[in-house]
Amino acid sequence: MFVIIVGGGKVGAHLAGLLIASDHRVCVVEPRTTARDHLAQTLPLETIVAGSGSDPAVLEACGVRQADVVAAVTGDDEVNLVVTSLARFEFHAPRTIARVNNPKNAWMFTAEMGVDVALSQADLMAHLILEEMSLGDMMTLLKLRRGRYSLVEEKIAADSLAVGRAITDLNLPHECVIVAIIRRGRLIPPHGDTVLHAGDEVLALTAAEQVQRLAEILGG
């Protein structure tokens with residue numbers, strides 16, 4: 001995969017490092033000399049391009065027409081919107097990602113502005129806190145398909161209604177599958193007649209809207 005990252009600050013540098021470590025091809029566009037000097041300490045020099053990502057000529061020189069993803073992660077929301085708009089509508093990039101610095105600007109980061117995925121650190125943190133508070137002891141391990149599905153883990157409490165009941169008798173939500181049970185350190189493949197015990201660690205794949213219902217079934 002070829003990814004163009006516009007913005008060589010801490011976020012851009014970290015993202016580039018992760019992608020390169022996973023054997024992806026990366027180009028980081030950064031206009032500031034000091035930022036480029038920092039990038040050069042951790043990234044291959046050939047991945048760093050001097051210039052503004054809001055300049056179509058710079059994006060063209062980076063190979064934007066061959067890019068799989070264009071990620072605009074500068075500290076300026078206006079620049080990030082210009083970059084994603086250019087990438088999508090001028091160069092037809094198949095995937096665009098934009099960093100939202102000011103949550104008040106989040107309403108502008110839409111598909112109409114060329115943004116496929118908008119990432120706001122403040123918004124993500126707020127949603128994570130609210131989600132963790134609402135789910136009690138249930139832990140979200142992984143989100144899939146843009147958050148539509150979640151892989152969650154719940155430890156069965158002694159007072160849970162699930163204790164002593166087979167999986168088929170739990171009346172699980174329609175879009176919910178128990179994928180594994182860990183009991184006293186051993187992995188147990190789940191079946192319909194598998195009976196849950198207090199202390200079992202249950203891993204389940206569920207639709208986002210069913211997470212709360214699952215927590216009520218498995219929780220104490």
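Modeller: What follows takes the cysteines and then the chain as a whole.

This is a predicted model, in which local features need pLDDT of at least 70 and side-chain atom pairs count only at pLDDT 80 or more, while totals for chains, interfaces and linings use all residues. Residues are numbered from 1 along each chain as its sequence is written, and side-chain values use heavy atoms, with hydrogens and water left out.

A search of the whole structure for disulfides, meaning a pair of cysteine sulfur atoms within 2.5 Å, finds zero. For Cys27 the closest cysteine sulfur is that of Cys62, and because the two are 3.4 Å apart, this is too far for a bond. Seen from Cys62, the closest cysteine sulfur is in Cys27, again at 3.4 Å and too far for a bond. Cys27 counts as buried (under 20% relative accessible area, with a 1.4 Å probe and protein chains only), at 6% relative accessibility, and Cys62 is buried too, at 10%.

Of the contacts (heavy atoms within 4.5 Å) with a separation of 6 or more, 55% join residues 24 or more positions apart. The C-alpha atoms fill a box of roughly 65 × 35 × 25 Å along the principal axes.

Methods. Buried < 20%, exposed > 50% of the residue type's maximum accessible area, 1.4 Å probe, protein only.
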